Amino acid sequence: MLFSVTIIAQEKKTPDTKLPKAIEVDTLTQVTKDPIDPLSPARAAFYSAILPGLGQAYNKKYWKIPIVYGALGTGIYFYINNNNEYNRYRDAYKSRLAGFTNDEFYLDAQGNQLTTPRVTTEGLERGQKFYRRNKEISLLVILGIYTLNIIDANVDAHLLQYNVDENLSLAPHFNIDKMDATSNLGLTLNFKF
């Protein structure tokens, strides 16, 4: 019965339908490309210089913004921490030079006055040098990250305008010679115009 339904379906006459006229395709049509804005990289770098992360937003690379602020925040945290420690050691050192024995290093954990300080005057000098050096390194790290933020926005804007189309391709190839079973490796550069 299944075959009979199929046969009946094939015997049905279909109404005469006219096919649409053939559409001619112009072989000389060109694909329109977005125009290249030569100021786009400079604009992205300028935006990142004004507000870190704004150049990445201009390039629509939103995932980079938390990385920029995380890196800058880490550098700022270490700068503030080292600055506070430096000021702590400097204030105790100035107090000792003035002849006072009431700085925080003359006190124990319960706040009782000690006869000898936990950190000597030479230790305070070394502490000042250590924290001043770390503070300066933290500042250099902050400036380096800020500069990398600007460079990243500029390079990314350049790469967004990079010409990637079918007319220019570079592809690796691997051929085996069937006569002597040797292999050939290489790169193929295709340029169509």
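Helix packing and a hairpin in a predicted model

Ile-145 lies in helix H5, and the model is a predicted one.

User: Why are H4 and H5 called roughly antiparallel?
Analyst: Helix H4 (residues 65–97) and H5 cross at roughly 160°. Angles over 145 degrees count as roughly antiparallel, and H4 and H5 are therefore placed in that class. Their axes come within 8 Å, and the crossing is left-handed.

User: What is the make-up of the contact of H4 with H5 in nonpolar, polar and charged residues?
Analyst: The residues of that contact divide into 16 nonpolar, ten polar and six charged.

User: Why is H2 described as roughly antiparallel to H5?
Analyst: Helix H2 (residues 40–50) packs on helix H5 (residues 121–160) at an angle of about 155°, and the axes are 8 Å apart. The cut-off is again an angle over 145 degrees, so H2 is roughly antiparallel to H5. The crossing of H2 and H5 is right-handed.

User: Which residues of H2 and H5 meet, and how do they divide by type?
Analyst: On the H2 side they are Ser-40, Pro-41, Ala-44, Ala-45, Ser-48, Ala-49 and Ile-50; on the H5 side, Tyr-146, Asn-149, Ile-150, Ala-153, Asn-154, Ala-157 and His-158. The residues of this contact divide into nine nonpolar, five polar and no charged.

User: What lies between S1 and S2 in the hairpin?
Analyst: Six residues lie between the two strands, and Ala-181 in the turn has a positive phi of about 60°.

User: What is the mean pLDDT of the chain, and where is the pLDDT below 50?
Analyst: The mean is 84, with 81% of the residues at 70 or more. The pLDDT is below 50 over residues 1–6, a stretch that has zero contacts in the model beyond near neighbours in sequence. Where pLDDT is low, the predicted coordinates should not be read in detail.

Conventions
Residues are numbered from 1 along each chain as its sequence is written. This is a predicted model: local features need pLDDT of at least 70, side-chain atom pairs count only at pLDDT 80 or more; totals for chains, interfaces and linings use all residues. Side-chain values use heavy atoms; hydrogens and water are left out. Two strands pair if DSSP finds at least two bridges between them. Helices (H or I, at least four residues) and strands (E, at least two) are DSSP runs, numbered from the N terminus. Axes are lines fitted to C-alpha atoms, for helices over the stretch in contact, and angles run from 0 to 180 degrees between N-to-C directions. Angles under 35 degrees count as roughly parallel, over 145 as roughly antiparallel, 65 to 115 as roughly perpendicular and the rest as oblique. A crossing is left-handed if the near helix is turned anticlockwise from the far one by less than a right angle, and right-handed if clockwise. Contact means heavy atoms within 4.5 Å. Ala, Val, Leu, Ile, Met, Phe, Trp, Tyr, Cys and Pro count as nonpolar, Asp, Glu, Lys and Arg as charged, and the others, Gly among them, as polar. pLDDT is the predictor's confidence in each residue, from 0 to 100.
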